[in-house]
Each structure stands twice: as structure tokens, then as C-alpha cells.
Amino acid sequence: MKGLYIHVPFCRQKCKYCDFVSFVGKETMADEYIKALKREAEEYRGEKIDTVFIGGGTPSALTAEQIKEIARMCFDVFDIAQDCEFTIEANPGTLDDSKITAMLDGGINRISVGVQSFNDTELRKIGRIHDAKTAYNTIWHLKKMGFLNINLDLMTALPNQTMESLKNTLETAVSLPVSHISAYSLIIEDGTPLEREYSRGQFVLPDEDEDREMYAYTVDFLKKNGFLQYEISNFARSGCECRHNIIYWTGEPYIGLGTAAHSYNGDARYYNTSDINEYINGAERALTPLTREDKISEFIITGLRMNRGISEKMFRERFGIDIKSLYGKEIEKFIGLDLMRYDGENYSLTEKGIDVSNSILCEFV
Ligand code: SF4
């Protein structure tokens, strides 16, 4: 399996919590940027690709013609598998029929919509450009236009969020024609406007217990509504798990094109510059070789975040050693504490273990 990620670093407005590489007011550079993407893609001509993910930024901030051009480039340059999962990220409020048609005609078969919440006060607080109604209508419209595989991104632990408002958001989410839901807790990143407001005491965040309660409620509610948890923050209807993300989580190789994108070839990771001008001017990628220990740590961390856990066989095949000879002590301890389980093939976290996953993962690295 191999994935292709394409970064589109343009946004209409910066969300207050965002520290991703994305720029406001630079859409006029998009044509030049796409040319640079094509130049970079040529280095990988003929590579077989199983999943494509156009992310950002806000890919739906591009014009219909630009979206078409990127999709066309993928099929022209790469050997795209017939059953390729081809995702694009979109923001409610930046889509119109010509863009949606360009996506579908271009072979894009999955769309991931950044909704975050169906509560207008919460959306305003984190600086989203859309309201709840626009997000709701967008999802129905995408379905009507022909998207069968739709993901919806939500956030928990938002400023002033209550259990009540989270319940409303989740109820709305499952009433929509979506096959996948991601739900990440808000992290207040240094240097963001939200961090400045938080440090001035302008809002309160749900405390640790409330955060945990919200998470437990989310998992349970989504399960009851047919969305099975397959990773700590990801839920899908049966067969609709995101194959692209699973490539990252199982340590398979991927190619990343665009500013700040990184690639992994099984031995090393390559990073592109975060500076859009430098990228357009052809800046070299930085190389970070990974040691065997690095690869093992990543395999454990991402593997344990997935419900299916770490395959004992895959670990042995990949690293030439039994996982128990490296981590026997930790595994025994966590199984004894009912934080991990072994089903004869895989090691995974129990529900209790997911609750304290961060401290468990720390002990493995
Ligand atoms: S839309 Fe996404 S990438 Fe753009 S500012 Fe908001 S969170 Fe950041």
C-alpha cells in the first residue's frame, strides 16, 4: 500500500486554534503553486498509489479549474489503483456546484468536511468561517450531488462546550448521510489567538474529567449509532475506515507533495519547506533518516492508537524480532492492569487503557 498526500496551503480566514501551515489572502499564488506541485510530482512518475488525500489548508478554497487540474495531475503522473480511495478536504462555506462537480468528475470519491461543531456560539469562538446551518446543508448537498463517502470532522473540549451542546452536535452528526466521523479534542497551541484569549481568562475549557466524560460519551453514542471506533479519534460505518490514514498508522510508505508536506519511503522521512515562496522556487527537501528504534516507536504509538492494535506477526516480519522480547515487561504489566489485551494475534488497548493512552505510550518509547 502506498499513499499520496497533497497539501493545499490556502485558507479564507485563519481559525483561532490553527497552527497548520496555511495562508490567508495568497490564493492568487495558487496557479504558480500548482505548477510547483506538478514539478515535484514528476519526481515520482509511475509510482503505484492506493490512496490520495488532498488536504490543507482548505483545498475547497481553490477554483473548480484548479481542483480539476490537481486531480488530473494525479492520474497523469501516478499509477493510481482502480479502487483508489481519493479524498479531498473541504470547508463549509467554500463550496459551490462547479467545485463539487470538478471533484467528482476528477475521480475524487471521498470528501472530508471540517465541521467541528453544530453549535454557532462554539464555531464563532474558535473562528470558523461557517455556521452550523451551512455545515448541515453542505453535507446534504454533497450527498445529493453524488458523494457517497463523506467524513465529518468534529472537535470536543471546545471553549465553553457543555455535555448538552456536545450531545446536540453528535445527534446532528449521525442524522446526516456520513460514513465516517473524526472527533479530536481541541489542543490549545502556543502562539495562536485562542491561546492568548485563554491565557487572559476569556473563556474556560472543560476540565480533565469533563473532557474524559465527553470522550466516553462520544465513543458510546457513535457506537450505538453504527459508527465503530477503529482508532482513538476515528469512527466509521463498517468498511468505511479511512484507508489513507491507516497507511500512516501502519508505517506504510507515502509521498507528500506541497509546502510542509512530508514523505516516508520506509527508511527516511523527507520534509518540504513551510515557506510557500521557497517551495515554488524549488527548495530542496530536508532528509531525516530514521533509526530502527524510531521506526519501532512509531509503529507502537500509531498501532496502539488503533482498536485492532499491533499485529505480533507484522511486528516480527518488519523488525525481525518478537515484540515480547523488546517490551515483554511493559506488555505484562499493562495486561495485568487490564489496560492492554492480547487476542492471540494482536496487542491492543482496552477501554480503560484508551483512557490513559498517553501515559501507556510514553512507557513504550
Ligand atoms: S480551515 Fe483548517 S487549515 Fe484553515 S485555518 Fe482553519 S483549521 Fe487551519
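Begin with Ala 268, which stands opposite Pro 289 in strand 14. Please bear in mind throughout that this is a predicted model.

**The pairing around strand 13**

What do strand 12 and strand 13 form together? They form a hairpin, with 3 residues between the two strands. Centre the view on Gly 266 in the turn, where phi is positive, at about 100 degrees.

**Two packed helices**

Two packed helices are described by the angle between their axes and the distance between the axes. Select helix 11, residues 292–305, together with helix 12, residues 312–319. Their axes are 12 Å apart, and the packing angle is about 165 degrees. Angles over 145 degrees count as roughly antiparallel, and helix 11 and helix 12 are therefore roughly antiparallel to each other. The crossing of helix 11 and helix 12 is right-handed.

Now show the side chains at this contact. On helix 11, display Arg 292, Lys 295, Ile 296, Phe 299 and Ile 300; they meet Met 314, Phe 315, Arg 318 and Phe 319 of helix 12. By class, the residues of this contact comprise 6 nonpolar and 3 charged, with no polar ones.

Move to the open sheet of 3 strands, whose order is 15-17-16 and whose pairing is antiparallel. Which strands lie at the edges? Strand 15 (310–311) and strand 16 (340–342) are the edge strands, each pairing on one side only. Select strand 15 with strand 17, residues 346–349, to see an antiparallel pairing over 2 bridges. Within it, highlight Ser 311 and its bridge partner in strand 17, Asn 346.

**The ligand shell**

Finally, select the ligand and display the residues that surround it: Cys 11, Gln 13, Lys 14, Cys 15, Tyr 17, Cys 18, Phe 20, Ser 22, Gly 57, Thr 58, Asn 91 and Arg 128. Colouring this shell by residue class gives 5 nonpolar, 5 polar and 2 charged residues.

Notes: Residues numbered from 1 in each chain as written. Predicted model: local features only at pLDDT ≥ 70, side-chain atom pairs only at ≥ 80, totals over all residues. Heavy atoms only, no water. Near = heavy atom within 4 Å. Nonpolar A, V, L, I, M, F, W, Y, C, P; charged D, E, K, R; others polar. Axes fitted to C-alpha atoms, helices over the stretch in contact; angles between N-to-C directions. Helix = DSSP H or I, 4+ residues; strand = E, 2+ residues; numbered from the N terminus. Parallel < 35°, antiparallel > 145°, perpendicular 65-115°, else oblique. Left-handed = near helix turned anticlockwise from the far one by under 90°. Contact = heavy atoms within 4.5 Å. Pairing = 2+ DSSP bridges.
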